[in-house]
Amino acid sequence: MISLLLACASEPTLDRDLWGVPEHFPDPAVPQDNPLTPARVELGRYLFYDFGLSDTGTRSCGICHETAKGFTDGFVRAVGTHNDIHPRNTLSVINAAWRGELGWVPGSNLTLEQQLLIPLLGEHPIEMGMSEALLLERINDNPLYPPLFEQAFGDAEPTLEHAAMAIAGFERSIIGGRSPYDAWLQGTPLPEDAERGRALFFGEETQCSRCHGGLFLDSPTNQWGQVTAKHGAFNTGLYNVDGEGAYPETAPGLIAKTGRARDSGVFRTPSLRNVALTGPWGHDGSVGSLQDMLDSYARGGRLVSSGANPGDGATNPHKSKHIQGFDLSEAQAQDLLAFLDALTDESLLEDARYQSPFCPFDINDTGTPAEADCIPDSRPPELLP
Ligand code: HEC
Ligand code: HEC
């Protein structure tokens, strides 16, 4: 009891009503030095959608993490500001406040404040192509920002640290907990097909919930349905390019960090919330439909028969013991798909709190009179289309 009180005391209190934290969600992990204030979240929203935060003016966080696509981009693999192809598929930022692990490859151990420096400043691949100096130059040139920084941090002078804190705050405010499945968790029945799909998903036959368990469907569970760890990472038998369990060289999995053969093809289990919106699927976007994903699991691994990386994932020696294959009738597949659909929180897509505050990408201050009222972002004139 005492340790519980101490644990609570070390967390800043968060106004659950203000941020719309659903009743059945626990408190999110908000770092003590970056409380979620309306002014920080608002500044973060501007920065998240600002095309001026990429060297060529063609990328923002929000263009790769688009609201309508469940905060992903619809690409097989993300494409950076210089057309570098990212080795992996874009992950959603919805409910990131509850994520203990960020990224496809487990063990990165990053906070949201640290993670966003990768797309912003990273060079392998180049995603937004910024440097700290260019970032500050762009922000300083936009009269919009000093008052926003002043309100958020009591200091009108923009810094990279404050920008990162604000963006992370905005990300923490993106909460999705109003899907039909959430209603079910609170006592409202699911449509019949989704209910049958739910039973399959949590059943012994498919084993889905052994890896996709817990509130966010991203935690491993034991045979009694109890969550055993906050996050898991597995080889799900998507590839077997050398017959010995290798995944393609562009995205080999956790083995790239550890060098251990058994970490080949091991990626973090993503949350399945809003999964119907976040395609294409898989760490490299190589799964074109949810039906294909189900077929791969039912087969006990994917058969890649053509293209650059042929091989039978079902015989991958490093795949998880929970990927054994099962019989799946056409009707059962439809039910499972109905359940996956029931994980979508439609209210997120139209929520004004998550929309871009700026003019559309190709209008800005050169817009037609009706559109000229909108707020220009930080792109310098020479980068406007
Ligand atoms: C060029 C497209 C692109 C841009 C721009 C981009 N991201 Fe991402 N984002 C990705 C990809 C790809 C991943 C998956 C990275 C990985 O782990 O392999 C990702 C992952 C993430 C994650 C981890 C989500 C999770 O569940 O683990 C967060 C958080 C995130 N991005 C936030 C941001 C923020 C904030 C910005 C702006 C500063 C940003 N991203 C800009 C493509 C992009
Ligand atoms: C052994 C653990 C495990 C089991 C069992 C499992 N999954 Fe997964 N799931 C994962 C991992 C890990 C990934 C990411 C794999 C990758 O891309 O390499 C994933 C990815 C997915 C994706 C794609 C998500 C995205 O955003 O790209 C879907 C959909 C999915 N699983 C649904 C299911 C369903 C339905 C079942 C049951 C038939 C199931 N999973 C069983 C671990 C598992």
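**Charge pairs and a patch**

R260 and D263 join their side chains in a salt bridge, 2.8 Å from N to O. By salt bridge I mean a side-chain nitrogen of Lys or Arg within 4 Å of a carboxyl oxygen of Asp or Glu. Before going on, note that this is a predicted model, where local features need pLDDT of at least 70 and side-chain atom pairs count only at pLDDT 80 or more, while totals for chains, interfaces and linings use all residues. Residues are numbered from 1 along each chain as its sequence is written, chains are lettered from A and ligands numbered from 1 in the order in which they are written, and side-chain values use heavy atoms, with hydrogens and water left out.

Are the two partners buried or exposed? R260 is partly exposed, at 37% relative accessible area, whereas D263 is buried, at 5%. The cut-offs are under 20% relative accessible area for buried, over 50% for exposed, and partly exposed in between, with a 1.4 Å probe and protein chains only.

How many salt bridges does a search of the whole structure find? The count is twelve. As background, side chains of opposite charge can pair when their charged atoms come close.

Another of these pairs is E42 with R45, at 3.0 Å from N to O. Both residues sit in helix α2, residues 38-48, three residues apart, or about one turn of the helix. Helices here are DSSP runs of H or I with at least four residues, and strands are E runs of at least two, numbered from the N terminus. E42 is partly exposed at 29%, and R45 is buried at 12%.

R379 and D377 also form a salt bridge, with their closest N and O atoms 3.1 Å apart. Here both residues are buried.

E192, D193, D341, E346 and E350 form a negative surface patch. A patch takes residues with over 30% relative accessible area and no salt bridge, with like charges joined within 9 Å. Asp and Glu count as negative, and the place of the charge is CG of Asp or CD of Glu. D341, one of the patch members, belongs to helix α14, residues 330-341. D341 is partly exposed, at 47%.

Last, the proline. P87 is in the loop between α3 (61-64) and α4 (112-115). Leaving out residues up to four places away in sequence, P87 touches R77, P125, T250, A251 and D284, where contact means heavy atoms within 4.5 Å. P87 and P125 are 38 residues apart in sequence, and their C-alpha atoms are 8.2 Å apart.

How values were computed:
Patch = residues over 30% accessible without salt bridge, like charges linked within 9 Å, V, L, I, M, F, W, Y side chains within 5 Å. Areas by Shrake-Rupley, 256 points an atom, 1.4 Å probe, with all protein chains shown as cover.
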